[in-house]
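User: I am new to this structure and would like to learn how to read its features. Please take them one at a time.

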Amino acid sequence: MRKGLNKMKQVLEKIIYFGLTVGIFIVLWRIMGELWDAFVPWNYKTDLLGIFVVTPIIIVVSFILSSLCFKVIRDSK
């Protein structure tokens, strides 16, 4: 019985981790969008740069920040 609860806890942690990661990604995406519109001229080359270079960086940063948040929460227990 305890094994099932432990497994359910792990699944719930992964769902919360993914939700936190998506939330962080959305915040970073909006910040990047505002900065991009303010400082980068609009043309297809800069849009491709944003899609193929900046977006993967934002995805990686959101996973790193989410992992750090989880580590801080676990260490504070």
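Analyst: A definition comes before the helix packing: axes are lines fitted to C-alpha atoms, and angles run from 0 to 180 degrees between N-to-C directions. Keep in mind that this is a predicted model.

User: How do I read the packing of two helices, and at what angle do the axes of H1 and H2 cross?

Analyst: In general, two packed helices are described by the angle between their axes and the distance between the axes. Here helix H1 covers residues 2–39 and helix H2 covers residues 44–75. Their axes come within 8 Å and cross at roughly 135 degrees. That angle makes H1 oblique to H2, since angles over 145 would count as roughly antiparallel. The crossing of H1 and H2 is right-handed.

User: Which kinds of residues make up the contact of H1 with H2?

Analyst: The residues of that contact divide into 18 nonpolar, seven polar and three charged.

User: What about aromatic rings: how many aromatic pairs does a search of the whole structure find?

Analyst: A pair of aromatic rings is described by the distance of the centres and the angle of the planes. In this model the search of the whole structure finds three aromatic pairs. One of them joins Tyr17 and Phe63, with 6.2 Å centre to centre and 45 degrees between the planes, and is tilted. This pair links distant parts of the chain, as Tyr17 is in helix H1 and Phe63 in helix H2, 46 residues apart. Ring pairs also link Tyr17, Phe63 and Phe70 into a cluster.

User: Which side chains meet in a salt bridge?

Analyst: The idea is a side-chain nitrogen of Lys or Arg within 4 Å of a carboxyl oxygen of Asp or Glu. A search of the whole structure finds one salt bridge. The side chains of Glu13 and Arg74 meet in it, at 2.9 Å from N to O. Glu13 lies in helix H1 and Arg74 in helix H2, so the pair ties together parts that are 61 residues apart in sequence. Glu13 counts as partly exposed at 27% relative accessibility, and Arg74 counts as partly exposed at 48%.

How values were computed. Residues numbered from 1 in each chain as written. Predicted model: local features only at pLDDT ≥ 70, side-chain atom pairs only at ≥ 80, totals over all residues. Heavy atoms only, no water. Helix = DSSP H or I, 4+ residues; strand = E, 2+ residues; numbered from the N terminus. Parallel < 35°, antiparallel > 145°, perpendicular 65-115°, else oblique. Left-handed = near helix turned anticlockwise from the far one by under 90°. Nonpolar A, V, L, I, M, F, W, Y, C, P; charged D, E, K, R; others polar. Buried < 20%, exposed > 50% of the residue type's maximum accessible area, 1.4 Å probe, protein only. Phe/Tyr/Trp six-rings, centres within 6.5 Å; stacked < 30°, edge-to-face > 60°.
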